[in-house]
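Hi there,

Here is the structure I promised to pass on. Please have a look at it, and then read on for my notes.

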Amino acid sequence: MIFDNSNYFKKRLLISLSVIVLIFLNSCTKTGLQGTEVIFSETEKGAPEQVTRMLVTKKYLRIDEGKNNNDFLLYDRVKRVIYSTNSTDKRTLVVNAQPLNRKSPIKLGNKVEKIPTDAPPIDGHKVQHLNLLTNNEICYDLFAAEGLLPKVVTALKEYRIALSGEQAAIIDAMPKEMLMPCDLANNIFMSTRHLDHGFPVRLQETKGRFRELVNYRQDISVDEALLKLPEGYSEFTAEDMRNR
């Protein structure tokens, strides 16, 4: 257990422990490819708790539910392309990184508030508590460990930046009154701000998504098969979806 600041989280992580152990035993096999594995506990408002796994290597970031199957997100860090696979219909969504060459359609005022905390350090890395605000609304309630897992932080920033240009492409199709300041800041115009203060070990978003670090392993052998797209899947792009 990595981060624990209340009895609630102790109980929840203990319930998840057996699942996490199985993931650790099955997620990686011995090959020459080295990387980092990170395990989160994640919940959405009204939805059951689930496991989120990230595998990070020099060339790839894979995000899944801790299962070695064909439902995952794969970010090619070299080509700057995001692939999202779906085993049900055997299709792969392809998102090519686009430059963010526009400004927000509404004014965004962003600031950071530091909150006193007695959160314990993680492997010697100080944990700070921050609120990230846009237009005086708290968009992220963040606990971040300074200097923890910097390679993972870099990979996540690359992925978020690659996605932000595509997210911006849908703004014009939305009525202005439906544009939410936190959504615009978090997903497009300040998409990496929650990663600018260290590794996010606990993150609460405005809409209720909650993610907490459970464990991580560095310099492990990663099965290269987990970083390959499934064969025989048809591909479609985000642009294809917008043009329908």
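Below is what turned up, going from the whole chain to single residues.

First, the ground rules. This is a predicted model, so local features need pLDDT of at least 70 and side-chain atom pairs count only at pLDDT 80 or more, while totals for chains, interfaces and linings use all residues. Residues are numbered from 1 along each chain as its sequence is written, and side-chain values use heavy atoms, with hydrogens and water left out.

The protein has 4 helices and 12 strands (DSSP runs: H or I of at least four residues for helices, E of at least two for strands, numbered from the N terminus). Of its 244 residues, 44% are buried, meaning under 20% relative accessible area, with exposed over 50% and partly exposed in between (1.4 Å probe, protein chains only).

The largest nonpolar core holds 30 residues, and V38, L148, F199 and V201 touch the most other members. Such a core is a set of buried Ala, Val, Leu, Ile, Met, Phe, Trp, Tyr and Cys residues joined through side-chain atoms within 4.5 Å. Its biggest contributor is α2, with 7 residues. Beyond its neighbours within four places in sequence, L148 is in contact (heavy atoms within 4.5 Å) with residues including I122, H125, F199 and Y216. A second, separate core of 10 residues includes L55, V94, L226 and L227.

Lastly, K90 sits in the loop between β5 (81-86) and β6 (91-96) and is partly exposed at 48% relative accessible area. Its C-alpha atom is 8.6 Å from that of P230, 140 residues away along the chain.

Best wishes
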